[in-house]
Amino acid sequence: RAAHRPRAGGSPVPTPPKFRGKIAYDREACIGCSLCLRVCPAHAIEFLPSTKRIRIYVAQCIFCSQCNDVCPKDALHMTPEFLLACEDRFAESQIVE
C-alpha cells in the first residue's frame, strides 16, 4: 500500500515536472532589479526599498511563473508545494521574503 503513504515534502500526490507551486525566493541571488514586480499580473510582489529585496504574498499569487521567467539572476523558483490553504492571508506561511 505504498500509494497511501505521504510523499517526501508532505505532498499527498506526486506533482508533474515543471509544476507551478509556491514560489521559493533566493535573497542572496536577488539584485533588487524589481523586474518581477513589473510583470506580476496579480500585484503579489512588493519591493522593500530599505533592503532592496522583495516580499511575495502567496495568497495573492496566481502562480503564473512570469516573475520566475523574467528574473535575470534566477532568484525565483516555482516549487512543487501546493497545500497552501490558510485562514490568515498574512500568516508567515503565506509570505515569502
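In strand 5 (residues 95-96) of this predicted model, Val96 is the bridge partner of Ile56. Strands here are DSSP runs of E with at least two residues, numbered from the N terminus. Residues are numbered from 1 along each chain as its sequence is written. Because the model is predicted, local features need pLDDT of at least 70 and side-chain atom pairs count only at pLDDT 80 or more, whereas totals for chains, interfaces and linings use all residues; side-chain values use heavy atoms, with hydrogens and water left out.

Two bridges join strand 3 to strand 5, and the two run antiparallel; strands count as paired if DSSP finds at least two bridges between them. Strand 2 and strand 3 form a hairpin with four residues between them, and Lys52 in the turn has a positive phi of about 55°.

Put together, these pairings give an open sheet of three strands in the order 2-3-5, with antiparallel pairing. Strand 2 and strand 5 stand at the edges with a single partner strand each, so one side of each is left without a neighbour in the sheet. Strand 3 (residues 53-57) is mostly covered, as four of its five residues are buried, that is, under 20% relative accessible area with a 1.4 Å probe and protein chains only.

Val13 lies in the segment before strand 1 (23-25). Because its relative accessibility is 43%, Val13 counts as partly exposed, the class between 20% and 50%.

Inside, the structure holds two cavities of 30 Å³ or more, a cavity being a set of points on a 1 Å grid where a 1.4 Å probe fits but cannot get out. The largest cavity has a volume of about 100 Å³, taken as the space filled by probe spheres set on the points. Of the 15 residues that line the largest cavity (an atom within 4 Å of a point), Cys30, Cys33, Cys36, Cys71 and Pro72 are the closest to its centre.

Notes
1 Å grid on protein atoms, 1.4 Å probe; cavity = no way out; pocket = protein on both sides within 12 Å on 5 of 7 lines; lining within 4 Å.
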